[in-house]
Amino acid sequence: MNIIVCMKQVIDLEQIRIKPNTREPVIEGLPLLFGDFEKCALEEAIRIKEVHGGKVTALAVGSPKLRDTIKEALAMGADEAIILIDPIFQDSDAMGSARVLARTIEKVGEYDLILLGDSSADEYSGEIPPRIAELLNLPQVGFVREIEVVADNDQMSEPKKIRVARDMEDSLEVIEVDLPAVIGVTSELNTPRLAPLSAILKASRKPMHEWRSDDIGVTAEEVGARASVVEMLSNLAPIQDRKGIIYQDVEEGVIEVIKALQQEGVLTQ
Amino acid sequence: MSGILIYSELEEAALGLLTKGRELATKLGKPLSVALLGNEAADQADIYFAHGATQAYVGDDPNLTHFQARIYAAALAQMVTQAQADIVLIGSTRRGRELAPRLAQKFSAGCVTDAIGLSVQDQRLVIERRALGGNTVSAKVITSQHQVIAVMPKLYDAEPEAASAGEVIPVSLELEPPATKLIERRSKEAGVVNLEEAEVLVCVGRGLANKDDLSLIQTLADSLGGMVGCTRPISHEYHWLAEDQMVGLSGKEPSPHLYLAIGISGQIQHTVGIMDAKVIVAINNDTNAPIFKIADYGIVGDLYQVVPKLIERLQQELGR
Ligand SMILES: Cc1cc2nc3c(=O)[nH]c(=O)nc-3n(C[C@H](O)[C@H](O)[C@H](O)COP(=O)(O)OP(=O)(O)OC[C@H]3O[C@@H](n4cnc5c(N)ncnc54)[C@H](O)[C@@H]3O)c2cc1C
Ligand SMILES: Nc1ncnc2c1ncn2[C@@H]1O[C@H](COP(=O)(O)O)[C@@H](O)[C@H]1O
């Protein structure tokens with residue numbers, strides 16, 4: 001089974017600082033990493049491959065820093081990686097990024113399953129999986145927390161179906177999906193393995209392709225800032241006006257906090 | 001081409017969107033209609049008319065069995081075309097979140113999911129949503145001809161208006177069979193509480209060592225007359241509490257008067273859910289925990305020492 005895993009490098013969200021006067025986020029120079037959901041997608045792909053054979057390809061669109069970030073995917077166990085780096089791709093909206101990914105997947109050609117995070121850690125939009133599925137005219141299931149490969153016959157080598165459990169508001173839906181399909185996963189799926197140091201060192205020996213816009217035949221009319229149809233007017237931290245009174249002494253803290261809560265009027269009598 | 005079309009499989013969400021839709025329709029000078037899918041759709045049209053829709057586009061097809069984004073997006077696209085709608089508002093339920101981007105892609109349109117605010121500025125629809133994992137709120141406009149916006153389901157309340165009638169317009173759908181089959185639906189263990197109603201909310205995180213110790217947290221909540229919620233690991237990894245007790249970006253976003261974070265580090269995906277709390281209290285044994293940065297009051301200490309003392313003192317003070 002050939003599996004493509006789409007992975008997005010995101011800045012370390014824990015390290016974002018907010019400028020107190022303007023409420024603007026400071027994101028320059030922060031480390032980039034893969035989100036938890038994407039790592040679960042990759043982990044699942046590797047596990048499926050370990051049982052059913054085939055190949056796992058990690059795919060990512062992003063900045064030149066990807067050349068470094070992607071090593072983690074190879075070290076975890078992806079057989080091959082394709083990274084897409086091109087100034088033309090910069091400032092793409094979700095439609096632009098989905099186009100780049102879909103075009104790349106078409107060029108790769110042989111795939112049975114496309115795994116993604118259900119939503120990315122920074123945007124948390126969930127737009128990319130449905131858009132890719134639409135561009136490739138494939139079925140799509142999101143919020144997936146269990147995946148099982150279903151054998152049609154005795155030959156386990158060519159599974160054509162998977163069974164997934166997807167997490168709805170009030171129920172789990174178990175769904176059988178014909179392959180190929182686009183599946184968005186959440187972090188309940190598995191616990192991603194940590195890549196051992198030896199694997200990280202060996203990762204650069206695995207095939208890693210870097211493609212540009214002409215490799216996949218997209219133009220600046222279709223992707224990037226010019227093709228973007230979503231315009232951001234502002235992006236600011238909400239006003240938070242907190243008192244920040246912290247007690248290091250437990251005895252004092254308990255007495256003072258309860259006193260303060262009574263004064264604030266939030267302790268119902 | 002112009003018009004606002006509303007769809008949600010969740011009636012409550014669709015009716016809430018009609019409340020906001022009415023305001024947008026007036027400001028933008030567009031008709032307001034609703035899309036209804038499924039076999040009893042036509043029978044339900046009246047309630048939508050009573051909430052401000054002037055047309056109901058109704059359609060059914062044997063391929064609209066269980067929800068499958070590919071088929072539902074195809075059905076909705078046919079309604080959008082027939083209604084000549086350029087703004088589509090969808091409830092950002094799990095299904096709506098899968099549906100909206102796929103529908104948008106059919107029209108090469110821009111989309112925003114999980115919208116937390118809609119307003120008209122200079123005749124443009126301005127949409128707010130969280131960004132950077134919840135660190136910020138961004139304001140966006142969609143510049144494509146069609147706009148698809150998935151709006152948080154409980155953002156607007158349903159408000160019926162004086163009895164009004166509307167027009168039912170049948171749409172004959174052409175759909176392919178789905179490539180998916182619903183095998184079973186397992187119901188989830190429902191939480192016993194509705195966190196959105198909590199005035200006092202005590203949330204617990206990975207600082208709790210054992211499931212049994214939840215009784216300590218429950219006792220604290222009881223002495224405050226509050227409810228118990230949690231972070232994602234507690235509900236989704238350990239399954240110590242029901243999943244609808246999880247607070248944060250991917251869970252509930254309550255706005256209590258008082259919120260207590262116990263053994264919670266304060267990562268943004270959690271804290272974004274309680275930003276609207278009036279007073280935030282944090283208890284954590286790590287003085288550098290980020291939760292203290294957003295707290296009004298904090299106690300640095302082991303929760304197993306602090307919580308029993310709080311309970312004892314509260315019981316003295318409040319007689320509970
Ligand atoms: C896309 C996405 C969406 C997410 N959505 C959500 C969401 O909606 N809600 C959510 O909660 N999470 C969400 N998460 C997960 C989130 O990023 C954090 O992993 C999670 O909130 C951490 O939970 P925690 O604070 O309980 O655990 P930890 O981060 O492990 O913190 C435990 C804290 O307990 C303290 N502690 C330990 N022992 C004690 C003690 N004895 N006494 C006092 N303090 C102690 C520690 O100092 C530490 O600060 C999401 C993640 C992603 C990637
Ligand atoms: N630039 C990207 N490169 C590769 N995969 C991506 C990219 N952006 C989004 N994805 C994938 O799409 C998922 C959902 O992202 P989003 O639609 O942004 O919430 C992510 O978890 C990734 O698996």
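Guide: Happy to. Asp296(B) and Arg242(A) form one through their side chains, at 3.0 Å from N to O. Please keep in mind that this is a predicted model.

Visitor: Okay, and how many salt bridges are there between chain B and chain A?

Guide: The count between the two chains is 15. Over all chains, a search of the whole structure finds 46.

Visitor: Can you show me another one? Which side chain meets Arg145(A) in a salt bridge?

Guide: That would be the side chain of Glu243(B), at 3.0 Å from N to O. Arg145(A) belongs to strand E9 of chain A, while Glu243(B) sits in the loop between helix H6 and strand E14 of chain B, so this pair joins two chains.

Visitor: Let's zoom out. How many residues of each chain are in contact?

Guide: On the chain B side there are 89, and they touch 85 residues of chain A. Between them the two chains bury about 7,700 Å², with 52% of that on carbon and sulfur atoms. Within chain B, the residues that lose the most area to chain A are Arg94(B), Gln105(B) and Tyr297(B), which together make up 10% of what that side buries.

Visitor: What about polar contacts between the chains?

Guide: There are 54 residue pairs in polar contact between chain B and chain A, counting pairs with both residues at pLDDT 80 or more. Helix H4 of chain B, residues 94–106, gives the largest share of the side that touches chain A, with 9 residues. By class, that side of chain B has 38 nonpolar, 25 polar and 26 charged residues.

Visitor: Changing topic: where does ligand 1 lie?

Guide: You'll find ligand 1 between chains A and B. It is surrounded by 27 residues, and the closest are Arg206(B), Thr231(B), Val247(B), Ser250(B) and Ser265(B).

Visitor: Which atoms come up against its nitrogen atoms?

Guide: A polar backbone atom of Val247(B) is 2.8 Å from a nitrogen atom of ligand 1. In the side chain of Ser250(B), an N or O atom is 2.7 Å from a nitrogen atom of the ligand. Asp302(B) also has a polar side-chain atom 3.0 Å from a nitrogen atom of ligand 1.

Visitor: And what surrounds ligand 2?

Guide: Ligand 2 has 20 residues around it, the closest being Cys6(A), Met7(A), Ser120(A), Gly126(A) and Ile128(A). A backbone N or O atom of Met7(A) is 3.3 Å from a nitrogen atom of ligand 2. For Val61(A), a backbone N or O atom lies 2.9 Å from a nitrogen atom of the ligand. Ser125(A) has a backbone N or O atom 3.1 Å from an oxygen atom of ligand 2.

Note on methods:
Residues are numbered from 1 along each chain as its sequence is written. Chains are lettered from A and ligands numbered from 1 in the order in which they are written. This is a predicted model: local features need pLDDT of at least 70, side-chain atom pairs count only at pLDDT 80 or more; totals for chains, interfaces and linings use all residues. Side-chain values use heavy atoms; hydrogens and water are left out. Contact means heavy atoms within 4.5 Å. Buried area is the accessible area (1.4 Å probe) that two parts lose on being put together, summed over both. A salt bridge is a side-chain nitrogen of Lys or Arg within 4 Å of a carboxyl oxygen of Asp or Glu. A polar contact is a pair of N or O atoms within 3.5 Å; within protein, one must be able to donate a hydrogen and the other to accept it, and residues adjacent in sequence count only if both atoms are side-chain atoms. Helices (H or I, at least four residues) and strands (E, at least two) are DSSP runs, numbered from the N terminus. Ala, Val, Leu, Ile, Met, Phe, Trp, Tyr, Cys and Pro count as nonpolar, Asp, Glu, Lys and Arg as charged, and the others, Gly among them, as polar. A residue is near a molecule or strand if one of its heavy atoms lies within 4 Å of it.
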